Amino acid sequence: MARWGFEANKGTTSTTVGVASLEQPATGMPRIKLYDLIFGSEATPADNVFLVEVNRSTAAATGTAVVPNALDPADSLAAVTLPKENLTVQGTNTAGAVPLSFALNQRATFRWVAAPGGEIVVAATANAGLHFNTPTAVGTVAASLSANYEES
């Protein structure tokens, strides 16, 4: 069992293409458990609002690969999961599968921490994952997130 963290950014949110993704590879899939998420904006403060959804997905998004950081520096395992940021093409979201959703003002930052046993678990299936989306946004909003997850 190894724990990882990654940080992702998108200069301008989109209602059709997500901010970031955390996806299974095609082979050698671990179980992914998302347990900590921080979401906010680095833009100049303004009264813009946006909805953030963590969607389950079945097909990979296109974006910039992010190298996850081991939360325990003594961990000798290599990360298997594929985090991406600044998505340019949205992967396939599973209809109605939104385990986490919250509204946010651009001036605020939100943190979600799973209660013990309440982690968002991703199936060990090729290309399954989580997409961090902003399906509604008012104004131009830059988005940043930090996520911690476990591979087992």
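Which residue does Asp36 meet in a salt bridge?

## Asp36 and Arg111

The partner of Asp36 is Arg111, at 2.5 Å from N to O. A salt bridge is a side-chain nitrogen of Lys or Arg within 4 Å of a carboxyl oxygen of Asp or Glu. Asp36 sits in strand 3 (residues 32-40) and Arg111 in strand 9 (residues 110-113), so the pair ties together parts 75 residues apart in sequence. Strands (E, at least two residues) are DSSP runs, numbered from the N terminus.

Asp36 is buried at 8% relative accessibility. Arg111 is exposed at 52%. Buried means under 20% relative accessible area, exposed over 50%, and partly exposed in between (1.4 Å probe, protein chains only).

## About the model

This is a predicted model: local features need pLDDT of at least 70, side-chain atom pairs count only at pLDDT 80 or more, and totals for chains, interfaces and linings use all residues. Residues are numbered from 1 along each chain as its sequence is written, and side-chain values use heavy atoms, with hydrogens and water left out.

## Other salt bridges

The structure holds 4 salt bridges. One of them joins Arg3 and Glu150, at 3.2 Å from N to O. Arg3 belongs to strand 1 (residues 2-10) and Glu150 to strand 12 (residues 143-151), so this pair links parts 147 residues apart in sequence. Arg3 is partly exposed at 38%, whereas Glu150 is buried at 8%.

Lys84 pairs with Glu23, their closest N and O atoms being 2.9 Å apart. Lys84 lies in strand 7 (residues 82-89) and Glu23 in strand 2 (residues 20-23), so parts 61 residues apart in sequence are tied together. Lys84 is buried at 15%. Glu23 is buried at 0%.

Key
Helices (H or I, at least four residues) and strands (E, at least two) are DSSP runs, numbered from the N terminus.
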